[in-house]
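Have a look at it first.

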Amino acid sequence: MEYIIVGVVVALLSSIMSIFVVRKIDKAKFQIFIEQAKAKAKVIEHEAEVALKDAQLKAKTDCDREFKSARREYDSMLAKIEKKERELNEHLECELKAIKKEKSEISEKNKSLSTLKDGIEKQKKNYEEKTLEAIKILENASGLTVDEAKELMLQKVKEDSRAKIASIFRKKYKVAETNCKNEINNMLSHAVTRYAGEFAAERLINNLPLNDEETKGKIIGKEGRNIKALEMLLGVDVIIDDTPNTITISSFNLYRRAVATKTIKALLEDGRIQPARIEEIYKKVKLEFDKNIQKEGEDVILELGIKSMHPELVKLVGKLRYRASYGQNALAHTLEVAHLSGLLAAQMGGDAILARRAGLLHDIGKALTHDMPGSHVHLGAEICRRYDEPDTVLNAIYAHHGHEEPINVESASVCAADALSAARPGARREVLESFLKRVEEVENISTSKTGVLNAYAINAGREVRVIVQAELVNDDEAVILATEIAQEIEEKVQYPGEIKVNVIRELRAESYAR
């Protein structure tokens, strides 16, 4: 037992000793490791110091080199600037010398001009004095004052100038007439040959046949009440006794006459003729006519290729079917003008659609003249302006009767087409009294001119021949006289189409052998 304890103690002591020895050895190793680390740190520190010194030396070298380069550039730029300054100063000195020299020259010239001016003023005074002396001598010699002499001279110059102007005008007029006449004729001929419209003449009466006396009695009615109801309701004259077996319906208003004709036809077919039935048939026929008017206007718009138009204007276009002017149907005339104006505008490079629109609406006021006071020109322009029609349409309405000048090709085309449609032979019938009045006005205007012997209106008033005294009017003045007569006719006379003015100058010499 004792040996065991001793062994355990010895084992413990040996373990403790071994641990102590191991710790001593580890401590010695750790001390050696620390010493080695310090030595390496010193070596690294030394190397870092060397590298830093090398970098500082290199940076200083590079900086010195760049500084020297910049210094050289700065010196070079400074030298250039100094050179430029010297050159600029030299240039300014030269300019300054030149300015001073010019200034001195100007001063000398001003002095010379002042001297010349004084001399001119003196000469001017001498000239005026001499002129006054000469004028007094001339006045005494001629017996005329200065104003009278001026007036006489101006009159002479005016006469000479008038003759020269007339000669120049005649030459230029002939050249212009020669050049433009062929072109205008070609345009008109192309347009007219491409459109050949039918002529529609309107009468003031419509006739309806009567089968027997019994029907005639029904139309008249007891104590004439049926015919009175017809005339009051329809606004026309119903004439029965003038022509055998015929009812004559008379009215200047084509629309009312057409409605009356259709109403009486329907009454004759129905057989029941009495005031209440007359009123019933009239309302039915009038409603049918209103629908047909709108449809006819729409058909016309479609035919002419016009895209849109206010419904009221379309209705008025259709209503032109029942309007006549000088015996010419207004819608037929309007369609003819629309087609011709479109063709003419296309020939001259204008807008054919716009020209057709203006041609269609140029006489639209005629659809209103039976219902409203005023001329068809002003009524048409007012209604088109109300519905925002283009300026060209308004100008065409005014221009085709000379109230304005055409503003473009389209308006001018409408004016030309209107003249072609209205003025061609047979297109219109005029009242004899108005025709005679117009012819008399044309002849009076022609004979009122100085040097005119006689004037004769021929060719249905579309031409006037003016006979002048050869001793008072020469060939050149005859051209001016024709223009003056034509202008006065345009201003004072209303007429369709155009009037040709022919001035005839003839010199006759007579002698006798005895």
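Helices (H or I, at least four residues) and strands (E, at least two) are DSSP runs, numbered from the N terminus.

Before going on, a word on provenance: this is a predicted model, where local features need pLDDT of at least 70 and side-chain atom pairs count only at pLDDT 80 or more, while totals for chains, interfaces and linings use all residues. Residues are numbered from 1 along each chain as its sequence is written, and side-chain values use heavy atoms, leaving out hydrogens and water.

At the start of α14, a side-chain oxygen of N474 comes to within 3.2 Å of the backbone nitrogen of D476. D476 is also one of the helix's buried residues, along with A478, V479, I480, L481, A482, I485, E488 and I489. Buried means under 20% relative accessible area, with exposed over 50% and partly exposed in between (1.4 Å probe, protein chains only).

What does α14 lie across? Helix α14 (residues 475–492) lies across β6, β7 and β8, running at about 150 degrees to β8. Angles go from 0 to 180 degrees between N-to-C directions, with axes fitted to C-alpha atoms, for helices over the stretch in contact (heavy atoms within 4.5 Å).

Those strands make an open sheet of three in the order β6-β7-β8, with mixed pairing (at least two DSSP bridges between two strands). β6 and β8 stand at the edges with a single partner strand each, so one side of each has no neighbour in the sheet. From one strand to the next, the twist averages 20 degrees. β7 and β8 run parallel and are joined by seven bridges, and V468 stands opposite R505 in β8.

| β6 | 452–458 |
| β8 | 500–506 |

Elsewhere, N395 sits in helix α11 (residues 391–399). N395 is buried, with a relative accessible area of 3%. Leaving out residues up to four places away in sequence, N395 touches E404, E405, P406, I407 and S411.

Zooming out, the protein chain has 14 helices and eight strands. Of its 514 residues, 30% count as buried. Among contacts between residues at least 6 apart in sequence, 61% join residues at least 24 apart.

Notes
Polar contact = N/O pair within 3.5 Å; in protein donor to acceptor, adjacent residues only side chain to side chain.
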